[in-house]
Amino acid sequence: MVAIVAGTNTVVTPMPGGGWRIEKVGGADGVYDAAAASAAAIAGDFALRAVDLSAGNSFLFGVSEAPDGNDGFVEMRFALWLDGGEAYVFENGVHIPPRLPTGGTAWITRIGDVVRYHAGARPDEAAPMRSVTGAGGALWFDATIRPLGGTFSARFETPGAWSHGRAGASGALAIGIGG
């Protein structure tokens, strides 16, 4: 499991069964001034799931080559913004259409050098939003939250049989220290 650590204005706690609960506990309400990042880089295939745990929440989660643990999202290479029950793709701080309803759960998956964004309970059943190639190398989890008290869970999983249409595919989640 990839450890996620608190940055500015957040508390991060482990959840039963795996994953991490990330909550904004300080800073200004309505401002992206709370952050969390992984303690190590992720190399290889992964499935990153985020679940909204609070009403009125607005947060971005994703991966980047070098998260600085700040309160922004411009450094996130691949990210999803969950706001008002919808998911929006952001890459390097820029919104890329479309937007889709999430049901409170969204995914970012990487198989090989392909990143895909999904909105819904499971990647194999969720609405695909976008695919991007050229996403090899080590990536770090990165997140930011807007509302005071905003909370979500994040969990890295190894891709299973749903892995980008490769029936029976499986992957190992490799963790590397350094960037």
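User: Over how many bridges do strand β9 and β10 pair?

Analyst: The model is predicted, so local features need pLDDT of at least 70 and side-chain atom pairs count only at 80 or more, while totals for chains, interfaces and linings use all residues. Residues are numbered from 1 along each chain as its sequence is written, and side-chain values use heavy atoms, without hydrogens and water. Strands are DSSP runs of E, at least two residues long and numbered from the N terminus, and two of them pair if DSSP finds at least two bridges between them. Strand β9 (residues 86-91) and β10 are antiparallel, and their bridges number 6.

User: Which strands stand at the edges of the sheet?

Analyst: The open sheet has 7 strands in the order β1-β4-β14-β7-β8-β9-β10, with antiparallel pairing. Two of these strands have a single partner each, so one side of each lacks a neighbour in the sheet: β1 (4-6) and β10 (94-101).

User: How many residues apart in sequence are the parts that R146 and D83 tie together?

Analyst: A salt bridge puts a side-chain nitrogen of Lys or Arg within 4 Å of a carboxyl oxygen of Asp or Glu. R146 and D83 form one, at 3.0 Å from N to O. R146 lies in the loop between β14 (140-145) and β15 (151-157) and D83 in strand β8, so the pair ties together parts whose separation in residues is 63.

User: Is R146 buried, partly exposed or exposed?

Analyst: Buried means under 20% relative accessible area and exposed over 50%, with partly exposed in between (1.4 Å probe, protein chains only). The relative accessible area of R146 is 27%, so R146 is partly exposed.

Key
Helices (H or I, at least four residues) and strands (E, at least two) are DSSP runs, numbered from the N terminus.
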